[in-house]
Amino acid sequence: MSVKLKGPWTRAETDAFLQNCSWPLRLACTGADGYPRVVSVWYRFHNSTLQCVSHRNSALVRLIERDPRTGFELAPNDPPYHGVRGQGRVSMAPLGDSDVLEALLDRYLGDQESRVGNWLLSRKDEEMLLTITPERLFTWDYRQRMADVTTDPAPR
């Protein structure tokens with residue numbers, strides 16, 4: 001399936017942003033009551049998908065089991081505002097021997113040796129691999145128009 005892309009960035013620019021950005025991914029799912037839930041998760045961009053890890057008993061896993069459709073956003077909280085939003089579907093499988101958890105610890109904490117890193121690794125056999133396959137992507141970039149309100153020259 002071809003991903004629909006709208007906004008000012010090319011697919012190569014969008015992929016580079018998703019690959020290099022290390023802000024948490026805001027992931028939206030719909031609860032049984034019809035209201036959206038937004039969860040921030042660590043992610044990595046791999047083979048045109050977004051990969052996350054969550055405990056098999058987490059509320060996030062239960063929401064995805066109920067409805068695998070998701071929305072997501074990856075953007076800074078501070079100006080200049082820019083980023084990627086999207087919609088897609090989540091598939092899940094036990095994490096098993098995958099290196100995704102270790103890669104996420106390295107990406108977000110700098111290495112795997114910390115109290116939280118050791119705790120997460122100690123329960124690796126209870127973790128699920130969540131793979132988000134984007135169907136639609138939308139980019140926005142207000143860095144140029146916000147040049148007078150920030151000094152951050154963040155490249156794409």
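1. W9 and F17 are both buried. Buried here means under 20% relative accessible area, exposed means over 50%, and partly exposed lies in between (1.4 Å probe, protein chains only). The model is a predicted one: local features need pLDDT of at least 70, side-chain atom pairs count only at pLDDT 80 or more, and totals for chains, interfaces and linings use all residues. Residues are numbered from 1 along each chain as its sequence is written, and side-chain values use heavy atoms, with hydrogens and water left out.

2. How many aromatic pairs are there? The count comes to three. Rings of Phe, Tyr and Trp (its six-membered ring) pair if their centres lie within 6.5 Å; planes under 30 degrees apart are stacked, over 60 edge-to-face, and the rest tilted. The ring centres of W9 and F17 lie 5.0 Å apart with the planes at 55 degrees, so this pair is tilted. Ring pairs also join W9, F17 and W23 in a cluster.

3. W42 and Y108 make a stacked aromatic pair, with 5.2 Å from centre to centre and 5 degrees between the planes. W42 sits in the loop between β3 (36-41) and β4 (44-46), while Y108 belongs to helix α3 (residues 100-109), so the pair ties together parts 66 residues apart in sequence. The two partners can be read by their cover. W42 is partly exposed, at 27% relative accessible area. Y108 counts as buried, at 16% relative accessibility.

4. Now the fold. The protein chain has four helices and eight strands. These are DSSP runs numbered from the N terminus: helices are H or I of at least four residues, strands E of at least two. Along the sequence the pattern reads β-α-β-β-β-β-α-β-β-α-α-β. The radius of gyration is 16 Å, close to the 15 Å from the globule rule for 156 residues, so the protein chain is as compact as a globular protein of that length. That radius is taken over C-alpha atoms, and the rule is 2.2 Å times the number of residues to the power 0.38. The C-alpha trace spans about 50 × 35 × 30 Å along its principal axes.

5. Packing comes next. Buried residues make up 42% of the 156 residues. Among contacts (heavy atoms within 4.5 Å) between residues at least 6 apart in sequence, 71% join residues at least 24 apart.

6. Last, charge. The protein chain carries 20 positive and 20 negative side chains, and the centres of the two sets are 8 Å apart. Lys and Arg count as positive, Asp and Glu as negative; His and the chain ends are not counted. Each charge is placed at NZ of Lys, CZ of Arg, CG of Asp or CD of Glu.
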